[in-house]
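Hi,

Here is the structure I promised to pass on. Have a look at it first, then read my notes below.

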Amino acid sequence: MPTKAALSHIPGPPATPIIGHTLTIARDSYGTQQDYIQRYGPVYKTKMLGVWRVNLCGADALEMVLLDRDRIFSSEGGWDALKRIYPGGLLLQDFDHHRRNRRIMTAAFRANAIRDYRVRMTEAMETLLEDWPVGTPSCFYTAIKDLTLRMGGAVFMGLPLDGDLAQRVNRAIQDEIRASVAVIRRPVPFTPMWRGVRGRRFLRETFRKLIPERRANGGDDFFSQMCLARDENGESWSEDEILDQFNLLIMAAHDTTATTLSVMIAALGQHPQWQDRLIAEVNGLADGPLDDGALAQMTQTNNVFREALRLVPPVPFIPRLATRDFHWKGFDVPAGTSIALNPGVTMLSPELFSQPTVFDPDRFGPDRAEDQRHKFAWTPFGGGAHKCIGMHFSTLQVKLFVATLLRNRRIRLQGSAPHWHRMPIPKPKGGLPVILDRV
Ligand code: HEM
């Protein structure tokens with residue numbers, strides 16, 4: 001890791017001893033970044049949680065680092081903080097090793113498997129939505145997290161929606177997620193990291209026992225598909241590889257979708273004309289289960305989804321570690337430097353998006369296509385080798401949810417427009433109270 005002296009030629013705000021810029025960024029990560037970009041330009045340094053980082057801002061930086069044509073930037077090194085809980089997952093692998101495993105994972109996402117997930121997901125959503133309170137305020141964020149976790153039990157693991165095992169598994173997943181963003185990084189008893197390590201152990205023991213049966217009999221959930229997945233050369237995963245890859249997959253899938261659905265519901269409550277447009281779109285679909293054709297027709301819903309991801313991306317920062325020296329926009333950056341990319345602030349840049357803080361899904365329509373102004377203007381799913389492998393799956397999940405909900409519920413927001421905690425995982429302040437009315 002380079003010292004502060006090795007980065008002395010890179011501009012940046014004065015740092016408070018020991019804590020650096022941690023508190024300022026934690027308090028208002030977007031505002032602080034926007035201020036630093038204005039003062040120091042698109043390349044500046046900050047110190048977070050004891051580590052000096054070089055921030056490379058804007059769409060050009062996202063393109064250069066994520067496409068990584070010279071194989072300089074390590075995702076494993078960047079996401080080092082996840083290593084204790086999620087070692088061996090795709091995000092914590094690089095270059096050829098990552099490519100090999102990504103090919104095997106891709107097999108679990110093949111089109112017909114996703115079609116099976118759709119059937120499972122529709123059934124699970126309908127059942128779970130039936131339980132939601134009608135006509136009285138309830139906290140949408142808590143409810144959607146619960147729904148996505150329980151649905152995940154069915155779709156990802158092939159477990160019954162409400163069994164005791166599903167509940168214990170879900171608790172362990174939540175403990176892992178909390179540990180992955182914990183400030184105390186050692187498993188001191190009763191801290192979040194300690195619970196996360198225990199959760200990881202429990203999940204590994206539980207799922208290891210299921211592997212022989214799933215390998216023998218298959219199943220149309222993700223875990224079974226991962227037990228069977230082979231790339232085009234016939235390569236498959238060992239038991240440990242399945243467990244590590246699966247563990248990261250469920251984390252990557254969980255909070256991201258729950259956050260985005262919350263942003264969408266808040267926006268539909270705040271902008272009734274958009275709720276009406278989506279209701280009309282959903283009412284225009286044929287009755288019964290939604291097939292690929294019906295989902296493809298949901299273009300307005302897709303634009304609302306894309307706008308929600310632009311305004312409150314679940315992954316607003318992408319970290320990498322430079323494995324070699326490199327030069328960018330006039331600066332030499334030494335090997336070993338932690339790099340921070342900022343898709344979140346980039347997607348609020350007025351050079352790329354008109355009136356960037358305004359909710360305006362029509363900006364993605366063919367006549368405006370603002371996301372096409374730069375190849376890396378709209379990057380909530382990242383890009384390059386590590387681009388989100390669940391992108392199509394999450395689009396499917398969101399469309400199914402919106403259609404299932406709006407077929408028989410209307411959304412009323414309680415109170416004023418919600419504000420969002422941006423870090424470490426975006427979520428609505430106050431939990432997003434809403435009333436769902438039966439149609
Ligand atoms: C709205 C939903 C989602 C968003 C915004 C999102 C965002 C992202 C981003 C930004 C990355 C790249 C991180 C990097 O380059 O460092 C990523 C990677 C990943 N995502 Fe997603 N994600 C979402 C949903 C999902 C779902 C539903 C799944 C699984 C079904 C998933 C599985 C993964 C995996 C396994 C990776 C690592 C890929 C690799 O390293 O090759 N994500 N996601």
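Cys388 sits in the loop between helix H15 (343-346) and helix H16 (391-408); helices here are DSSP runs of H or I with at least four residues, strands are E runs of at least two, and both are numbered from the N terminus. The ligand's iron atom has a single protein donor, the SG of Cys388, 2.3 Å away. Donors are N, O and S atoms within 2.8 Å of the metal (3.2 Å for Na, K and Ca), and water is not among the atoms, so sites may look incomplete.

Before you go on: this is a predicted model, where local features need pLDDT of at least 70 and side-chain atom pairs count only at pLDDT 80 or more, while totals for chains, interfaces and linings use all residues. Residues are numbered from 1 along each chain as its sequence is written, and side-chain values use heavy atoms, with hydrogens and water left out.

Is Cys57 buried or exposed? Cys57 is buried, at 8% relative accessibility, and Cys388 is partly exposed at 34%. Buried means under 20% relative accessible area, exposed over 50%, and partly exposed in between (1.4 Å probe, protein chains only). The disulfide count is zero, a disulfide being two cysteine sulfur atoms within 2.5 Å.

Now follow strand S12 (residues 433-438), which pairs antiparallel with strand S4 (residues 137-139) over three bridges. Pairing takes at least two DSSP bridges. Here Pro137 has Ile435 as its bridge partner. S12 also pairs antiparallel with strand S9 (residues 409-413), over five bridges, and there Arg410 is partnered with Asp437.

Cheers
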